[in-house]
Amino acid sequence: MSMRRRYLVTGLQGQVVQSLVERAAARQDVEILAVGRPQIDLAAPDGIVDAVLALKPDIVISAAAYTAVDQAESDEAAALTVNGQGPAALAKAAAMLDIPVLQISTDYVFDGSKPAPYLESDPVAPLGVYGRSKLEGERAVAAATDNHAILRTAWVYSPFGKNFLKTMLKLAETRDELNVVDDQRGNPTSALDIADAVLAVASNLIASRDAALRGVFHMTGSGEASWAEFAAEIFRISAERGGPSAKVNPIPSSAYPTPAKRPANSRLDCGKLTAVHGVTLPSWQASTAEVVARMLS
Ligand SMILES: NC(=O)C1=CN([C@@H]2O[C@H](COP(=O)(O)OP(=O)(O)OC[C@H]3O[C@@H](n4cnc5c(N)ncnc54)[C@H](OP(=O)(O)O)[C@@H]3O)[C@@H](O)[C@H]2O)C=CC1
Ligand SMILES: Cc1cn([C@H]2C[C@H](O)[C@@H](COP(=O)(O)OP(=O)(O)O[C@H]3O[C@@H](C)C(=O)[C@@H](O)[C@H]3O)O2)c(=O)[nH]c1=O
Ligand SMILES: [Mg+2]
């Protein structure tokens, strides 16, 4: 008889949780329990421990978050509760159940001043409220249990939820040209690739108590781009398939004012994830082509 593992993932409609549901549907060995509001409300952390204990999962994947980067600047208390205290409660419950917890985190914990891709050992210094709140989440999870992996990803896009790729395609329906910042560089990452990587890391954590499998790991798509380059590639693929496209005018961040400051360099070095977990995500161009094709079909 095969054992079906139960993976609790927080959130319902989010990009990563939806991608996990889709990827795990093809497998017999994993059942995704997507749990969101009202069962688990990260803004009301008091009820979280009991909710997790009642579900008795084999692992907790903390994917839900307050992800509105600009809105967080004027909503700090909510962002800190959802991204800090929420994961703290999830990790506390995981510790009580003696199961691993996998925390999804972000490139925005860095200030972007490093002239090379960031390593897990590099100092963190978030520029805004969102990054600071996600860093609180990392620290709270690590403080609650050693049995954790913190997976920092970045620039997530997918057929689900709200993201830059979908915004670009939507804007191109009514616009011939778009101004897009060209002085922020990062690693565009498909949530579907994140789901595959998360499933691999989760099974490694369930299979082994080895401390080397635990800690912080960077986990992004392979290759790098500026937002303007990412947009141009989205439109190149879309146009090739008869979908919407626009001319991309590269602009400096100073010409696109936003409440939150973003890191100029968001690139993450993912060598540790490859070395320790045997996981490498596909190139962002290959995955962008897949997601654009799916959006147009
Ligand atoms: N998006 C990105 O570019 C990046 C994301 N990350 C991190 O990756 C993770 C997944 O992000 P992504 O899938 O894009 O997120 P989305 O923005 O697509 O979705 C957010 C999810 O969080 C849930 N959520 C928000 N507030 C609460 C709350 N109070 N209680 C319970 N659930 C709540 C939403 O619930 P509902 O389903 O009910 O709407 C939704 O499922 C997050 O931890 C994020 O910080 C890291 C780097 C980049
Ligand atoms: C829509 C638009 C955006 N931009 C810029 C603004 C910003 O610098 C960049 C991306 O816009 P977004 O609003 O998608 O960026 P943002 O919400 O900051 O994306 C971030 O989300 C959080 C959750 C993360 O963890 C990060 O890794 C990152 O993905 O593009 C333009 O230059 N032109 C445009 O027309
Ligand atoms: Mg956004």
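Predicted model: local features only at pLDDT ≥ 70, side-chain atom pairs only at ≥ 80, totals over all residues.
Residues are numbered from 1 along each chain as its sequence is written, and chains are lettered from A and ligands numbered from 1 in the order in which they are written.

**First stop: α4 and α5**

Select residues 76-97, which form α4, together with residues 129-144, which form α5; the two axes come within 8 Å and cross at roughly 15°. For contacts, where C-beta atoms placed from the backbone lie within 7 Å, select in α4 residues including L80, P87 and K92, and in α5 residues including Y130, E136 and V141. By class, this contact has 11 nonpolar, four polar and four charged residues, where Ala, Val, Leu, Ile, Met, Phe, Trp, Tyr, Cys and Pro count as nonpolar, Asp, Glu, Lys and Arg as charged, and the others, Gly among them, as polar.

**Second stop: D98 and P38**

Move on to D98, in the loop between α4 and β4, which has a positive phi of about 60° although it is not a glycine. Then select R37 and P38, which are joined by a cis peptide bond with omega of about 5°; P38 is placed in the loop between β2 (30-35) and α2 (48-55). As background to both selections, most residues other than glycine have a negative phi, and most peptide bonds are trans.

**Third stop: the two ligands**

Which residues are the closest to ligand 1? They are G11, G14, Q15, A64 and A65, among 29 residues that surround ligand 1, a residue being near a molecule if its C-beta atom, placed from the backbone, lies within 6 Å of it. Helix α1 (15-25) and strand β4 (101-106) each supply at least two residues of this shell, and the largest share, three residues, comes from α1. The shell around ligand 1 divides into 16 nonpolar, 10 polar and three charged residues.

Now centre on ligand 2, which 18 residues surround, the closest being T67, T106, A154, F164 and V181. Elements that give two or more residues to this shell are α6 (164-172) and β7 (177-181), and β7 gives the most, with four residues. By class, the shell around ligand 2 has 11 nonpolar, five polar and two charged residues.

**Last stop: α8 and α10**

Finally, select residues 227-240 (α8) and 284-296 (α10), whose axes come within 9 Å and cross at roughly 50°. These helices are therefore oblique to each other, and α8 passes α10 in a right-handed crossing. E233, I234, I237 and S238 of α8 make the contact with Q285, T288, A289, V292 and L296 of α10; by class, the contact has five nonpolar, three polar and one charged residues.

Definitions and conventions:
Axes fitted to C-alpha atoms, helices over the stretch in contact; angles between N-to-C directions. Contact = placed C-beta atoms within 7 Å. Parallel < 35°, antiparallel > 145°, perpendicular 65-115°, else oblique. Left-handed = near helix turned anticlockwise from the far one by under 90°.
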